[in-house]
Amino acid sequence: NFDYNKELDSYFKGSRLVDTNNDQYQNLNQKQRNMLKQQQKQNRPNKPFYLVYNEDAIQKLPYKAEMKKVSTHMNIEVFSFLPCPAINLINDSYQSIKNTADPSLVSDFLQSNPYYPEALYDLGEYFRLNGNAKNANFLLEKLIYFFEESFVFNFPILKNEESLVVLDYNANMLNQIFFRAILKFILILYQKACYKSSFEFCKLLLKLNPYDDPVGALIMIDFTALNAFKYNWLIKFTKEFAEFYNGNNYSILLYPNFIYSYSLSLFKNNSTTLKDLENKVNMLSVEEIEELKMLKLNKENENPAYWMSLAIILYPDIMKQILELNEFDKQNTSLSFMSGNQLKPWSEIFNSQLFSSKNSQKMLYKSLNIKTKEDVEGIRKIISIYPERNRMNWKDSSLSLFLKIVSGELLNKLNLVELNLDTVFSILENDSNDIPINN
């Protein structure tokens with residue numbers, strides 16, 4: 001459900017992302033208002049729309065983009081928005097206006113060309129960067145409506161089932177504008193606390209091209225799912241996404257954002273409370289400890305402690321930052337049923353080999369299919385932004401206790417000398433048939 005206004009209204013009665021334009025009714029009597037509303041209704045397409053919920057944005061278009069299937073590659077149908085003759089006719093005129101860098105001229109251009117996509121995007125960005133959220137949001141609504149109205153029937157992107165169709169981001173500026181508009185809209189909806197709608201738009205963004213993911217929907221999808229409390233969905237998605245699109249030998253489970261969000265979703269899905277954790281000094285079985293020592297990944301295992309342990313081993317810096325941002329490290333979570341390292345304060349645990357090792361810098365290059373310096377920087381960026389972005393999703397007293405129990409148990413049971421991290425990472429880097437991770 002993309003209806004962001006309905007979600008806003010559920011929080012604050014009568015709220016909308018962009019208020020209806022009532023200025024047009026100021027000098028009209030009731031009869032004239034009714035006549036104007038009727039005229040506007042007749043000027044709207046008589047069909048449902050799924051991405052935009054503002055009648056002021058939904059009008060009959062003077063022209064549409066032409067959407068066509070441009071190629072087929074390994075059973076994947078590649079589509080592209082193409083400029084229609086009307087767009088081509090005024091393109092040179094707009095480019096000369098754009099080169100002036102004068103927003104008032106762009107605004108004037110839109111008065112006579114109200115749905116020209118590049119002008120809508122450019123002026124919307126100007127308003128956004130200057131803090132004019134109302135106008136920026138409205139122009140984005142018009143822009144997204146323009147593209148939805150240009151969809152063709154054999155591009156089933158809004159249907160629930162998975163489909164082997166993609167939009168080619170690199171084909172032209174129109175495609176790039178659509179991807180960027182959806183990305184901007186996701187961020188706006190998040191800022192407005194429309195978490196469910198933000199999640200739905202993020203799913204759409206990824207579905208537009210899940211193979212190339214040109215604007216990074218994969219580093220946002222777990223975050224939007226957690227905000228929308230879609231724990232079951234995220235568990236299923238994390239296990240099945242890469243396998244569906246890339247084959248049985250692929251997974252995204254070892255990516256830093258996914259392994260942490262997957263662990264959190266398993267924990268939340270169990271509705272674990274503080275009482276549930278009492279006397280749970282041992283959350284890992286003997287078999288799980290052995291699997292962790294060898295990093296034999298069992299994707300069927302849904303024990304949150306197992307995946308959290310693996311997340312800590314691979315990316316300890318994320319765990320440390322989550323604890324510090326939520327000030328868990330300052331809490332006394334040493335309870336009577338705990339034992340050994342579980343009783344130690346976080347400051348001592350942070351000084352252990354588990355947290356002081358440089359394993360997170362190994363990057364699992366071959367397993368993560370990381371090939372370039374840009375790929376490495378991308379992983380490092382994920383590691384750096386994940387804790388702050390997800391801070392509130394981890395702010396939970398039962399989680400604080402859970403993390404302390406798991407970290408302490410790892411130190412109690414995992415022989416870190418026996419777990420030669422250099423050897424483990426070397427195995428993962430060279431055995432790409434074990435559980436390779438698609439980037």
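Reader: Are Phe 350 and Phe 355 buried or exposed?
Author: In this predicted model, both Phe 350 and Phe 355 are buried.

Reader: And what kind of aromatic pair do Phe 350 and Phe 355 form?
Author: Phe 350 and Phe 355 form an edge-to-face pair, with 5.4 Å from centre to centre and 70° between the planes.

Reader: Why is that angle called edge-to-face?
Author: The planes of Phe 350 and Phe 355 are at 70°. The pair is therefore edge-to-face, because planes over 60 degrees apart count as such.

Reader: How many aromatic pairs does the structure hold?
Author: The structure holds 32 aromatic pairs. One of them is Tyr 4 with Tyr 53: the ring centres are 5.7 Å apart and the planes stand at 85°, so this pair is edge-to-face.

Reader: Where in the chain do Tyr 4 and Tyr 53 lie?
Author: Tyr 4 belongs to helix α1, residues 4-11, while Tyr 53 is in the loop between α2 (30-42) and β1 (66-73). The two are 49 residues apart, and the pair links distant parts of the chain.

Reader: What about their accessibility, starting with Tyr 4?
Author: Tyr 4 is buried, at a relative accessible area of 0%. Tyr 53 counts as partly exposed, at 22%.

Reader: Which residues form an aromatic cluster?
Author: One aromatic cluster is formed by Phe 79, Phe 81, Phe 146, Phe 147, Phe 151, Phe 155 and Phe 178.

Reader: Which ring does Lys 142 lie over?
Author: Lys 142 lies over the face of Tyr 115, at 4.7 Å from the ring centre. There is also Arg 389, whose charged end sits over the ring of Phe 223, 5.2 Å from its centre.

Reader: New topic, the cysteines. How many disulfides does a search of the whole structure find?
Author: The search finds zero disulfides. Cys 194 is buried, at a relative accessible area of 0%, and Cys 202 is buried with a value of 0% as well.

Reader: What is a disulfide, in general?
Author: A disulfide is a covalent bond between the sulfur atoms of two cysteines.

Reader: Now Asn 301. Where does Asn 301 lie?
Author: Asn 301 is located in the loop between α13 (286-294) and α14 (304-314). With a relative accessibility of 11%, Asn 301 counts as buried.

Reader: Why does 11% count as buried?
Author: Asn 301 has 11%, and buried means under 20% relative accessible area, so Asn 301 falls in that class.

Reader: Which side chain does the side chain of Asn 301 make a polar contact with?
Author: The side chain of Asn 301 makes a polar contact with the side chain of Glu 288, at 2.9 Å.

Reader: What does the side chain of Thr 238 reach?
Author: The side chain of Thr 238 reaches the backbone oxygen of Leu 234, at 2.7 Å.

Reader: On to backbone angles. What is phi of Asn 75 near?
Author: Phi of Asn 75 is near 70°, a positive value in a residue other than glycine. Asn 75 lies in the loop between β1 and β2 (76-82) and is exposed, at 63% relative accessibility.

Reader: And what is phi of Phe 229 near?
Author: For Phe 229, phi is near 60°, a positive value in a residue other than glycine. Phe 229 lies in the loop between α9 (218-227) and α10 (231-246), and is exposed with a relative accessible area of 59%.

Reader: Lastly, the whole chain. How many helices and strands are there?
Author: The chain has 20 helices and three strands. Of its 439 residues, 51% count as buried.

How values were computed
Residues numbered from 1 in each chain as written. Predicted model: local features only at pLDDT ≥ 70, side-chain atom pairs only at ≥ 80, totals over all residues. Heavy atoms only, no water. Disulfide = S-S within 2.5 Å. Buried < 20%, exposed > 50% of the residue type's maximum accessible area, 1.4 Å probe, protein only. Phe/Tyr/Trp six-rings, centres within 6.5 Å; stacked < 30°, edge-to-face > 60°. Helix = DSSP H or I, 4+ residues; strand = E, 2+ residues; numbered from the N terminus. Lys NZ or Arg CZ within 6 Å of the ring centre and 35° of its normal. Polar contact = N/O pair within 3.5 Å; in protein donor to acceptor, adjacent residues only side chain to side chain.
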